[in-house]
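Here's a quick tour of the model you're about to look at. Take a glance at it, then read on for the aromatic contacts and a note on confidence.

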Amino acid sequence: MLKLYAMFLTLIFLVELVAAIVGFVFRHEIKNSFKNNYGKALKQYNATGDYRSNAVDKIQTTLHCCGVTGYRDWKDTNYYSEKGFPKSCCKLEGCSPQRDADKVNNELIGIFLAYCLSRAITNNQYEIV
């Protein structure tokens, strides 16, 4: 029984290892595919509650970002020309969708702050010792 358990653990480990290697080798294709599909979902966004619009809202709310590479991606969509930015782009609680760029999340600021936080943690780790 113990040998069977060890065999299953080994099999699971090998599957995870293969998945990690395949993910690393095809990372550029995966990134481009996600970027293209997310761009298409932005263009088809209509805020009526279909699965694409819900996915876009969930991604933007969870990751605190707006658009594929930035909020300017919305300016090429029909939704923006009719209603402005979607509510999931808002930085503030209770803001209404506006066309003002200062009220929407910007991905570059988040990347910069994440880098600063990472650097601070790394520097403070050596100061503790």
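A residue counts as buried under 20% relative accessible area, exposed over 50% and partly exposed in between, with a 1.4 Å probe and protein chains only. Keep in mind that this is a predicted model, where local features need pLDDT of at least 70, side-chain atom pairs count only at pLDDT 80 or more, and totals for chains, interfaces and linings use all residues. Numbering runs from 1 along each chain as its sequence is written, and side-chain values use heavy atoms, leaving out hydrogens and water.

**Aromatic pairs**
- Rings of Phe, Tyr and Trp (its six-membered ring) pair if their centres lie within 6.5 Å; planes under 30 degrees apart are stacked, over 60 edge-to-face, and the rest tilted.
- That rule gives five aromatic pairs.
- One of them is Tyr45 with Tyr79, edge-to-face at 4.9 Å centre to centre and 90° between the planes.
- This pair links distant parts of the chain, 34 residues apart: Tyr45 is in the loop between helix H2 (27–43) and helix H3 (51–63), and Tyr79 is in helix H4 (residues 78–83). Helices here are DSSP runs (H or I, at least four residues), numbered from the N terminus.
- Tyr45 is buried at 7% relative accessible area, and Tyr79 is buried at 10%.
- Ring pairs also tie Tyr45, Trp74 and Tyr79 into a cluster.

**Confidence**
- pLDDT is the predictor's confidence in each residue, from 0 to 100.
- The protein's mean is 77, with 70% of residues at 70 or more.
- Helix H1 (residues 2–25) has the highest confidence, at a mean of 91, and helix H5 (residues 107–128) the lowest, at 60.

Note on methods: Helix = DSSP H or I, 4+ residues; strand = E, 2+ residues; numbered from the N terminus.
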